[in-house]
Amino acid sequence: MKRLPIAALLLLLFSIPLFAGEYFVNLGSQILIAAVFAASLNLLVGYGGLTSLGHATFMGLSAYISAWLAVKMGLGHAATAPAALLLTTLIGVAFGWIALRATGLGFLMLTLALSQIVWGLGYRWVSVTNGDNGLSGLTRPQPFGWSLDVSSHFFWFSLLVSCVCIFLMARFVKSPFGASLRGTKDQARRMAALGFNVHAIRWFSFIVASFFAAVAGLLYVYFHKYIHPSVMSVTVSAEALLCVIAGGAGTIAGPLVGAILVVVLKTYASAYIERWNMMLGLVFLFIVVFMPAGLVPGVAHWTRRLRGDKS
Amino acid sequence: MQIWVIQILNSLSLGGLLFMLSSGFALIFGLMRIANLTHGSLFMLGAYVAATVARAGYGLALAALAAMFAVGLLGGLIERLVLRRLANNAQGQVLATLGLSFVAADFCLMVWGGDPIPIITPALFKAPLRMMGLIFPTYRLVVLVAAIVSALLLYLLIERTRLGAMIRAGVDDMSMARAVGIPVSLLFTTVFCLGAALAGLGGALAGPIFNAYPGLDAEMLPLALIVVILGGVGSLAGTFIASFIIGFIYTFGIALMPDLAYVILFLPMVLVIAFKPSGLFGRVST
Amino acid sequence: MTTPALELRDLQKSFGGVAVTQGVSLTIQPGERRLIIGPNGAGKTTLFNQIAGEIMPDSGTISVFGQDLTHQPVQARAHAGVSRTYQVITLFAKDTLAHNVALAMLGVNRQRFQIFKAFRSDDALYERALQILSSLGLSDKAHLQAGEISYGEQRRVEIAVAMSQSPRLLLLDEPLAGLSQDERAMVRDLIAGLPRETAIVMIEHDMDVALAFAEQITVLHQGRVIVEGDRETVVNHPRTREIYLGT
């Protein structure tokens with residue numbers, strides 16, 4: 001079964017801080033955060049057929065709530081983390097209901113509009129969010145006294161959290177409920193006739209997706225120890241979407257592969273090219289036009305074509 | 001009283017600009033079922049092009065015309081070269097326009113830099129009107145008039161011309177439109193150009209009020225989305241009325257509660273969505 | 001008096017001023033085989049879709065085994081014991097036959113709320129799915145994708161999917177559409193072999209098969225019930241001839 005390669009991979013990942021330098025370990029942490037975020041979006045896009053352009057909202061809200069409770073209320077991580085997750089998920093309940101009043105393009109526009117409102121709020125509600133200055137002076141948690149300020153410790157922590165999240169998400173999509181979600185993507189009408197409550201299935205999945213995005217948000221704010229409204233921008237939502245479609249939507253591994261690609265591309269490309277946004281846009285265009293199924297199947301398809309196979 | 005006058009005129013001019021932006025978006029969405037996320041960028045490009053032409057010494061009228069044509073042409077290129085390749089792939093089209101919006105944003109940064117570029121209000125409109133002891137900023141009125149004229153022309157186009165009849169047919173029932181021989185391919189390009197040109201014109205006229213600056217696209221696009229969601233697709237009147245509703249809410253919101261202005265935008269949208277998902281006047285479902 | 005499997009009372013439906021269903025009333029007993037026929041445009045599909053819950057009637061009532069379903073959403077149908085097939089095959093093409101059948105059974109099963117346990121390992125549902133496919137002679141194809149089998153086989157699977165929910169009322173929407181002679185025979189046999197307890201309402205144009213199947217026939221024309229009765233009555237009725245031959 002798949003158990004052996006996964007175990008080997010996990011062993012490899014766990015050992016990274018033992019032989020890689022601090023820079024790479026930190027890069028690894030960033031990839032893990034992006035992977036959880038992209039995987040949560042994939043629940044909606046890849047499995048539910050609901051393309052959201054506002055997913056960064058949940059990552060950002062969770063980060064901001066955690067930061068605000070720490071900075072303005074002086075609460076410790078044991079309180080801020082569950083509060084951030086709970087409140088963000090509740091907002092997911094509300095936003096999900098609003099956005100699902102429409103489907104398809106209407107849904108997409110609603111998620112974008114809602115997301116932009118929150119983003120704008122992040123910049124303007126200066127008394128709460130500190131606007132363009134962001135909230136700084138944040139700390140990383142110390143689970144059982146273990147300091148996460150050491151980058152290798154933080155990497156292991158993120159790896160642990162990511163594994164748990166991805167495991168839960170994998171169980172979710174493979175469960176009977178997950179099967180019903182996939183069904184609503186292909187044939188919503190048929191699913192309703194079979195007795196499934198399509199709206200409720202979508203709404204619940206939206207809520208679950210917002211929860212895991214909130215987890216990514218916590219990892220994000222712990223890593224950077226700083227939060228700025230730009231984390232809720234449509235660019236970040238688009239980057240997550242790129243991870244999903246680049247890697248291959250509707251698979252567990254797809255967004256993970258996509259996260260590696262996008263984070264590495266972003267890190268190295270921005271060293272040479274000033275204009276990451278333009279690069280992001282062009283990559284988007286390239287994938288959407290030439291490799292809509294994702295990089296992995298797309299590359300395979302084009303290599304076959306170039307070699308002259310008629311498949 | 002004076003403050004009210006200023007705010008009301010600001011609301012009206014914003015409403016007018018929103019109409020020029022949103023009507024193009026609504027047309028494209030209604031006919032081609034494409035949520036054109038590049039629309040904010042087209043508006044911004046209109047502002048930048050107009051600013052450049054104005055800086056070269058030509059008047060605002062010429063600058064606005066130049067913006068209209070340039071952006072309209074760009075729209076046509078986008079439709080032909082990119083969107084056409086993704087026919088029948090609604091999601092792909094949206095993602096492609098998203099990608100293009102990122103490219104456009106950075107392109108503007110590269111060409112025009114990060115500082116806002118002002119467009120000087122034409123001397124003709126600089127002096128405010130004085131009536132009944134109140135001062136009326138003239139340019140705001142000009143923008144409002146331009147928007148109303150555009151609305152009327154658009155109405156005439158859609159209701160009284162052959163092109164308009166074809167558009168209406170396509171919005172109502174695309175397969176039937178094809179069946180009766182409407183040249184859908186040409187129609188699509190034309191409408192996309194028209195929508196883009198309207199956005200470009202809006203951007204140009206917005207120049208003296210907002211300046212051309214990076215981020216204008218991201219500010220305007222969600223407003224256009226809210227207008228279209230609120231007003232419904234398939235109704236010019238809906239877009240018109242919703243543009244002004246949002247114009248008022250946004251302007252007064254920023255004036256009265258600057259921190260929470262964005263939240264105020266939420267409310268009408270959520271209320272309408274909750275009770276009438278097809279929008280106030282919508283005939284086409286999203 | 002037994003509760004009717006399906007009772008329609010004075011159903012009305014108009015689309016933009018055009019009345020498509022005009023005061024249709026009909027009663028179907030448990031286990032009955034009812035055929036609905038009528039020329040094109042008679043409103044058969046609209047009527048079907050109202051029974052199936054995809055369209056809400058403007059007025060009138062729809063009751064299934066005494067339960068008023070008129071204003072219930074589509075998903076309530078399956079739980080009331082109503083299953084349907086579609087004119088255009090709606091199987092999940094990229095999923096296996098076994099998955100298609102199991103998913104259908106899941107629709108009326110408590111399991112569908114499970115978010116942690118794996119679907120596959122729910123042996124009972126999958127076992128049953130394989131049994132059903134075996135009764136169709138398709139057990140060797142159970143793990144093929146639905147899009148990979150022949151059209152005739154897809155039609156039979158479509159019916160099996162609907163039957164897997166053990167419905168008390170089955171709605172068949174042109175189950176023979178687009179089939180070859182041999183395939184038609186197989187589907188005909190399948191329908192003939194369906195459990196007697198299940199009431200079946202069928203829309204079909206293939207007169208040979210349809211007439212052989214039908215115990216009671218309802219003839220629709222311009223949204224109204226024109227003739228109703230058994231085979232003999234309907235076939236010999238002057239109005240039937242009038243509608244079909246235009247005399």
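Start with chain B. Among its contacts between residues at least 6 apart in sequence, 77% join residues at least 24 apart. Two residues are in contact if their C-beta atoms, placed from the backbone, lie within 7 Å. This is a predicted model, where local features need pLDDT of at least 70, side-chain atom pairs count only at pLDDT 80 or more, and totals for chains, interfaces and linings use all residues. Residues are numbered from 1 along each chain as its sequence is written, while chains are lettered from A and ligands numbered from 1 in the order in which they are written.

**Stop 1: chain B**

Stay on chain B and color by secondary structure. Helices (H or I, at least four residues) and strands (E, at least two) are DSSP runs, numbered from the N terminus. Along the sequence the pattern reads α-α-α-α-α-β-β-α-α-α-α-α-α-α. The radius of gyration of chain B is 19 Å, close to the 19 Å of the globule rule for 286 residues, so chain B is as compact as a globular protein of that length. That radius is taken over C-alpha atoms, and the rule is 2.2 Å times the number of residues to the power 0.38. The C-alpha trace of chain B spans about 60 × 45 × 35 Å along its principal axes. How many of its 286 residues count as buried? The share is 52%. Buried means that 20 or more other C-beta atoms, placed from the backbone, lie within 10 Å of the residue's own.

**Stop 2: chain A against chain B**

Now show chains A and B together. Their contact takes 32 residues from chain A and 37 residues from chain B. On chain A, select α5 (105-124), α6 (126-129) and α13 (276-290); each supplies at least two residues of the side that touches chain B. α5(A) gives the largest share, twelve residues. By class, this side of chain A has 21 nonpolar, eight polar and three charged residues. Here Ala, Val, Leu, Ile, Met, Phe, Trp, Tyr, Cys and Pro count as nonpolar, Asp, Glu, Lys and Arg as charged, and the others, Gly among them, as polar.

**Stop 3: chain A against chain C**

**Stop 4**

Next, show chain C alone. Find its open sheet of six strands, ordered β6-β7-β8-β3-β9-β10, with mixed pairing. Two strands pair if DSSP finds at least two bridges between them. The edges are β6 (82-84) and β10 (224-229) of chain C, each pairing on one side only.

Zoom in on β9 (residues 216-221) of chain C. Five bridges join β9(C) to β10(C), and the two run antiparallel. T218(C) stands opposite E228(C). H221(C) has R224(C) as its bridge partner. The two strands form a hairpin with two residues between them, and Q222(C) in the turn has a positive phi of about 50°.

**Last stop: confidence**

Which element of chain C has the lowest mean pLDDT? Helix α9 (residues 238-245) of chain C does, at 79, while β6(C) has the highest, at 94. For the complex, the predictor gives an ipTM of 0.89 and a pTM of 0.88.

Note on methods: pLDDT is the predictor's confidence in each residue, from 0 to 100. A residue is buried if 20 or more other C-beta atoms lie within 10 Å of its own, exposed if 12 or fewer, and partly exposed in between; C-beta atoms are placed from the backbone.
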